[in-house]
Amino acid sequence: MITITKNISGIFVSTNRNNDIDKFSSEYREIIPGFIGINFNGNEDELDFNFNESVITESDAKNQLTNILNTYLTTSLNSLKREIKDLINIERDARLYAFFPYAGARFDCNNESRSNIIGTVVMGILNGQQLPPGMVWRDYDNVNHPIDFLYMVNMGLTMFMYSQQVYASSWQHKYNVDQLTNATQVVNYDYLNNTWPDRGV
């Protein structure tokens, strides 16, 4: 058996490196002649790549492995970027559907609340820009607020603008991730910083 030891610290850069290694081993058994699989050798940044010596020479195995790992670095880095961008999407949705600030309070903006806000504004439009007297709107912190038609129109506009700002922030974060050139930068990218719109917290 031919064993070639490689430092893989900059190659398998997925946030779940073991899965990345298993995927590589499975895929490239079908591509590299004589490739048997991968063993950990006790060093977390090194792997032993094993080959069947009756199928390939050590020189050819080294050349093919080097070429493939050089290519795989780009693939692996792109995979890591996708993972970070998925986390950005999770953060985006948490901000989109929790609450937003309006008139000194925090109001729910889950799908049901969005529908209720829109429905209340439509009801006011159909009623000559008037809402039934005595209506209140309960906020995220369970405080009731007296409302009228204009109050609800402005709430809806604020919610819309807040949502657009959240999306814009997520797009900027994902653009920033795409510009990074190594795994350390990607893993350490701070997508939870204060560039998201204020939520009144």
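In which helix is Ser 170 found? Ser 170 is found in helix H4, which covers residues 149-178, where helices (H or I, at least four residues) and strands (E, at least two) are DSSP runs numbered from the N terminus. Before I go on, please keep in mind that this is a predicted model, in which local features need pLDDT of at least 70 and side-chain atom pairs count only at pLDDT 80 or more, while totals for chains, interfaces and linings use all residues. Residues are numbered from 1 along each chain as its sequence is written, and side-chain values use heavy atoms, with hydrogens and water left out.

Let me take the whole chain next. Its secondary structure comes to five helices and seven strands, and from the N terminus on the elements run β-α-β-β-α-β-β-α-β-β-α-α. The radius of gyration is 27 Å, well over the 17 Å that the globule rule gives for 201 residues, so the chain is more spread out than a compact globule; here the radius is taken over C-alpha atoms, and the rule is 2.2 Å times the number of residues to the power 0.38. Along the principal axes, the C-alpha atoms fill a box of roughly 90 × 30 × 25 Å. Of the 201 residues, 40% count as buried, where buried means under 20% relative accessible area, exposed means over 50%, and partly exposed lies in between (1.4 Å probe, protein chains only).

Now I turn to helix H1, residues 17-28. This helix has twelve residues and reaches 16 Å from its first C-alpha to its last, close to the 16 Å expected at 1.5 Å a residue, the expected span being 1.5 Å times one less than the number of residues. Asp 20, Ile 21, Phe 24, Ser 25 and Tyr 28 are buried in H1. Seen down the axis of H1, these buried residues fall within an arc of 130 degrees, so they line one face of the helix, with the arc being that of the directions from the helix axis to the C-beta atoms. They pack against strand S2 (35-40), strand S3 (46-51) and helix H2 (58-96).

Strand S2 also holds Asn 39, which counts as partly exposed at 40% relative accessibility. Leaving aside neighbours within four places in sequence, Asn 39 is in contact with Leu 47, Asp 48 and Asn 50, and contact means heavy atoms within 4.5 Å.

What about the nonpolar cores, that is, sets of buried Ala, Val, Leu, Ile, Met, Phe, Trp, Tyr and Cys residues joined through side-chain atoms within 4.5 Å? In the largest, which has 29 residues, Phe 100, Phe 107, Met 152 and Met 155 touch the most other members. The elements that give two or more residues to this core are H2, strand S4 (99-102), strand S5 (105-108), helix H3 (111-126), H4 and helix H5 (183-187), and H4 gives the most, with eight residues. Apart from this core lies another, of 20 residues, among them Ile 4, Ile 38, Ala 61 and Leu 65.

Finally, let us return to helix H4 and to Ser 170. This residue is buried, with a relative accessible area of 0%, and Ser 170 touches Ile 88, Arg 92 and Trp 196, not counting residues up to four places away in sequence. Ala 168 lies in helix H4 as well, but Ala 168 counts as partly exposed, at 37% relative accessibility. The C-alpha atoms of Ala 168 and Arg 92, 76 residues apart along the chain, are separated by 9.8 Å.
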